Each structure stands twice: as structure tokens, then as C-alpha cells.
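The questions below go through its layout, its cores and its charged pairs.

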Amino acid sequence: MRSLRVLGVDPGLTRCGIGVVEGSVGRPLDLVDVGVVRTPADLDLAKRLLRLERALDEIVVRLRPDVVAVERVFSQHNVSTVMGTAQASAIAMLVAARHGIPVQLHTPSEVKAAVTGSGRADKAQVGAMVARLLRLDAPPKPADAADALALAICHLWRGGAQTRLAAAVAAAGTAR
């Protein structure tokens, strides 16, 4: 199985986690890049989204991922937080689509289960496992960066199977 480069995006307007991991199932994973794109909360929303888009575009051009894994936005009690997360998620998907890169969405519990073995793991457990899997001395900080790497790892381990399943379902539908 060939090595795959995955850009994981933990979407957020104030802090958008970015993590790029390369590897394949059954092989050691390699950290390519990790960080956080920040936008000031007092900046106009449209300008924040533009800054995020430009930063993500630069990352995609520089690091050339094969796929982009984005955290699936889920409903929370704080609607303004969900809106900002959804907007940042849409920017990541838009940038990937512009470059012809496939996008896969993963739920937070799916990511936690893939990385730690438990869909209920806390941020500290996720960070510790990301550090262990990538042979790092400590978990990446802030947690948004570790979460982005966890998304990339999740996709490397589970995304291929999901993609093949979706293709099989689509093929079965057209055969009828």
C-alpha cells in the first residue's frame, strides 16, 4: 500500500488546527507539519474567513496533501460557536475542492476511537496518543493542533476503507 499524505483540519475561526501526517496502515506514521491558523476575534467575519482561506491555500500548495480530513461539525448548545466552526470547515473544503483534493469528514467520536480506542477519550488522552503514534516528546500544543493530527491519523487508518465502501455502494447503485 502506498504512502498517503493527509491534511487534518480541526476547524475554528479563532484557532484552526492544521496537521499533516504521512503514512499507511501497518506502517509507522510521519509528522510532516503541524500548527494553528489564528484570526483575531475583533476582526470582521469576512476578513477572518479570507485570512483562513489564504493560510489554508498556502498550506495546500506548500505541502501537497493527497486528501483533506475535516472534523464533521456537530450541534452544540452555543450556536455562535457552531456557526464559526461550520464556516471554517466550509473554507477548508472549498480550498481542497479548488485544488482537486478529495475531502473526508470524520466525527469527533470517530477520531477519538481511531486514535485512542475510545470514542469518549478526553483531549489529554488524544494528545498523548498522537504524541506516541508520531514519536513526539510531548503532545502538540494547543489542543487544536493535536486534534488536527488526530484527524489525519484517523483518516489514514479508516478513510481508505470508507472511500472503498462508498465507491462500492455507488457502483452497486448504478448497476441496478
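Q: Which pattern does the protein follow, read along the sequence?
A: This is a predicted model. It holds 5 helices and 5 strands. Read along the sequence, these follow the pattern β-β-β-α-β-α-β-α-α-α.

Q: What is the order of the strands in the open sheet?
A: The sheet has 5 strands with mixed pairing. Its edge strands are E3 (30-38) and E5 (103-106), each of which pairs on one side only. Neighbouring strands are turned by 20 degrees against each other on average, direction ignored. The order is E3-E2-E1-E4-E5.

Q: Which helix packs on the sheet, and what angle does its direction make with that of E4?
A: The helix touches E1, strand E4 (67-71) and E5. It covers residues 79-98 and is helix H2, and its direction makes an angle with that of E4 of about 170 degrees.

Q: In which sense do E4 and E5 pair?
A: The two strands are joined over 4 bridges. Within this pairing, Ala69 has Gln104 in E5 as its bridge partner. The sense of the pairing is parallel.

Q: Which residues of E5 lie on its uncovered face?
A: In a regular strand the side chains alternate between the two faces of the sheet. E5 has Gln104 and His106 on its covered face. On the uncovered face are Val103 and Leu105.

Q: With which residues is Leu52 in contact, leaving aside its neighbours within four places in sequence?
A: Leu52 is among the residues with the most contacts inside the largest nonpolar core. Leaving aside those sequence neighbours, Leu52 is in contact with Gly12, Cys16, Val37, Thr39, Ala88 and Ile91.

Q: Why does the pair of Arg2 and Asp66 tie together separate parts of the sequence, and how many residues apart are they?
A: The side chains of Arg2 and Asp66 meet in a salt bridge (3.8 Å, N to O). Arg2 lies in the segment before E1 and Asp66 in the loop between H1 and E4, so the pair ties together parts whose separation in sequence is 64 residues.

Q: Is Asp147 buried or exposed?
A: Asp147 forms a salt bridge with Lys123, the closest N and O atoms being 2.4 Å apart. Asp147 lies in helix H5 (residues 143-175) and Lys123 in helix H4 (residues 123-133), so the pair ties together parts that are 24 residues apart in sequence. Lys123 counts as exposed, at 53% relative accessibility. Asp147 has a relative accessible area of 10%, under the 20% cut-off, and is therefore buried.

Q: Which side chain of opposite charge is nearest to Glu71?
A: Glu71 has its place in strand E4. Leaving aside neighbours within four places in sequence, its contacts are Val9, Asp10, Pro11, Ser89, His106, Pro108 and Leu151. Glu71 is buried yet has no salt bridge. The nearest side chain of opposite charge, 6.2 Å away, is Lys123.

Q: How many salt bridges does a search of the whole structure find?
A: Salt bridges that share partners join Asp33, Glu58 and Arg62 into one network. Over the whole structure, the number found is 9.

Q: What percentage of the residues in the protein are buried?
A: The protein has 176 residues. The buried residues make up 40%.

Definitions and conventions: Residues are numbered from 1 along each chain as its sequence is written. This is a predicted model: local features need pLDDT of at least 70, side-chain atom pairs count only at pLDDT 80 or more; totals for chains, interfaces and linings use all residues. Side-chain values use heavy atoms; hydrogens and water are left out. Two strands pair if DSSP finds at least two bridges between them. Axes are lines fitted to C-alpha atoms, for helices over the stretch in contact, and angles run from 0 to 180 degrees between N-to-C directions. Contact means heavy atoms within 4.5 Å. A nonpolar core is a set of buried Ala, Val, Leu, Ile, Met, Phe, Trp, Tyr and Cys residues joined through side-chain atoms within 4.5 Å. Buried means under 20% relative accessible area, exposed over 50%, partly exposed in between (1.4 Å probe, protein chains only). Lys and Arg count as positive and Asp and Glu as negative; His and the chain ends are not counted. A salt bridge is a side-chain nitrogen of Lys or Arg within 4 Å of a carboxyl oxygen of Asp or Glu.
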